[in-house]
Amino acid sequence: MAEKPRLKLPKEAKKGAVIEIKTLIPHAMQTGLVKDKDGKAIPRKIINKFTAEFNGKPVFSANIEPAVAANPYLQFTAKVEESGTFKFSWTDDDGTVTTAEEQITVS
Amino acid sequence: MFRSAMLFTAAVVAAAGVFVRLGGSVAHAQTKAPLEWGEDAAVRPWKRYQGWPVRGESKFSTLAKLVSPPPAKEPRKLGAPLAGNAENGAMLVADRNRGGSCLACHVVGPAGGADLPGNVGPDLSEIGSASREDEYLFNYIFDARVYNPETVMPPWGAHGTFNDQEIADMVAFLQTLKTPAVFKTELDDPEKRPAPVERRENLDPIENPGMWAIDKAQDLFTQKMASGSSCSSCHADAQAAFKTWAAGMPKWEPRLNKVLGVEEFVTRHARTTTGADWPMETDNNRVMSVYLHFLANGTPIAIDTSSTEAKAAIERGKELASRKIGELNFACTDCHGKSADHWIRGQWLGPPKGQYDHFPTWRTSLQAIWDIRQRFQWCQVNIRADELPPDAKEYGDLEIYLASQSDGQKLSVPGIRH
């Protein structure tokens, strides 16, 4: 079972407010430099890209490199002008894309 | 009438060594929860966890047997003056691979760079000016019990951790110590180092990966197992059913003649009801234990001590907590009693109260969930005693004693610890 991503952001905000968004996805983030007990390198497998959109428009994105620790945790802010949906995506080296959504009501 | 007849039959069958299943999901809320007792709740023979130190310590006492050599009655007389090598002694007192290093408990002047020493024992930085005879220092390291039967200091020589020459080397080093230790930072000084405060929100899944167990457990809870039923077949509303349950655990279980904690209960109850195979110290068992404790979060720990058997178990647990075991000859109470609120190297020793309400807990240093039984096992391996299987009755006694010490504290599971 793939572990589900964790999100933390307010459910409601005032128009024009800057909100804090915390995201975390459980992932081993194998760097490709670690060796197993037989001395063979464990192949690289990391989350290499993260994106956040609000109502279809990009808000934040990051290219993630092998030095980032397991369970990458990203915290950023966004200014909200209208109610809508944040959509987050994490791209694995193997091509898998995990997504998660959260709604916010702006008044 | 029906219940006693059923128990009687089951006892006979169990005695014959046949796998027992007690059915009856409807009535068991009023009677006793079905438990399987024909098998062990953990793997046998017990195998130490991968990555844990491999050493057989069978010549020293464990919580199940008393075999350590008895303490010497008299200090040893040294025929000739000690010819120790102070340089080698300086290395030995700071060597973590041998004794776990003297610095774990003592400030030892410049030894080990005065890097994060502990303060369980006295500061030895000026011991060389204290006019102690070599023979006295030798015996204190060899087996301090000849001077102080209540000491928490391991009998380094009597238990064979260091040989006579090595102890002589350490004595020679100690005699060179004449000036107060110089610490690089205030944090290195155990008298000034502030007690750690846990500020993380242990119930926030972003801060505590232990919380991820809840989702997994909720899936397991509704999953149909070998018998075609799931936990939710009987416990439709888990939140209501287990709102306080875990806060009353562990408890004396007359059918097994021992104390059952949540983890062993889960193994035995699941086996007999859903057919799920969730032995203790496997992932599914840990996850279910986290969930069942989590559902009772906020409930004060309240152990049922009404029966004479429960009282006797607590008494036995209390005795076990003060039993000296392992090569290092420590009792639980040596660290979490006599030496509580002190530093052992960079780690803070807490009193017994507060060591239970957050288990199972997430361990950030290991990226793993540990239940209380695994914590017991690690304490033992760490002091160089052989651990017992997690379902050992001695651990049941110890757990009910520990829980009774934390009576009234509110559960907050999963915890998060180093």
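Tutor: A residue is buried if 20 or more other C-beta atoms lie within 10 Å of its own, exposed if 12 or fewer do, and partly exposed in between, with C-beta atoms placed from the backbone. This is a predicted model, in which local features need pLDDT of at least 70 and side-chain atom pairs count only at pLDDT 80 or more, while totals for chains, interfaces and linings use all residues. Residues are numbered from 1 along each chain as its sequence is written, and chains are lettered from A and ligands numbered from 1 in the order in which they are written.

Student: Why is A:Arg44 called partly exposed?

Tutor: A:Arg44 has 14 C-beta neighbours inside 10 Å.

Student: Where is A:Arg44, and what is it in contact with?

Tutor: A:Arg44 lies in the loop between β3 and β4 (47-54) of chain A. Strands here are DSSP runs of E with at least two residues, helices are runs of H or I with at least four, and both are numbered from the N terminus. Contact means that the C-beta atoms of two residues, placed from the backbone, lie within 7 Å. Leaving aside neighbours within four places in sequence, the contacts of A:Arg44 are A:Gln30, A:Thr31, A:Gly32, A:Pro66 and A:Asp93. A:Asp93 is 49 residues apart from A:Arg44 along the chain, yet their C-alpha atoms are separated by 8.0 Å.

Student: What makes A:Met29 buried?

Tutor: Within 10 Å of A:Met29 there are 20 other C-beta atoms. The definition asks for 20 or more, so A:Met29 counts as buried. A:Met29 is also found in the loop between β3 and β4 of chain A, and its phi is near 50°, a positive value in a residue other than glycine.

Student: Which class does B:Ala114 belong to, buried or exposed?

Tutor: B:Ala114 has 20 C-beta neighbours inside 10 Å, and therefore counts as buried. Its place is the loop between α2 (86-93) and α3 (134-143) of chain B. Phi of B:Ala114 is near 50°, again positive in a residue other than glycine.

Student: How do you know that β1 and β3 of chain A pair?

Tutor: Two strands pair if DSSP finds at least two bridges between them. β1(A) and β3 (residues 17-24) of chain A have three bridges in the antiparallel sense, so they meet the requirement. Opposite A:Leu7 stands A:Thr23 in β3(A).

Student: Why are β1 and β6 of chain A said to stand at the edges?

Tutor: The open sheet has three strands in the order β1-β3-β6 (chain A), with antiparallel pairing. β1 (6-8) and β6 (73-80) each have a single partner strand, so one side of each is left without a neighbour in the sheet.

Student: How many residues of chain A and chain B are in contact?

Tutor: Nine residues of chain A are in contact with five residues of chain B. On the side of chain A that touches chain B, β1 and β3 each supply at least two residues. The residues on that side are three nonpolar, one polar and five charged. Nonpolar means Ala, Val, Leu, Ile, Met, Phe, Trp, Tyr, Cys or Pro, charged means Asp, Glu, Lys or Arg, and the others, Gly among them, are polar.

Student: What is the omega of the peptide bond from B:Met249 to B:Pro250?

Tutor: Omega is near 5°, and the bond is cis. B:Pro250 is in the loop between α7 (238-241) and β1 (251-253) of chain B. Another cis peptide bond joins B:Phe359 and B:Pro360, with omega about -5°.
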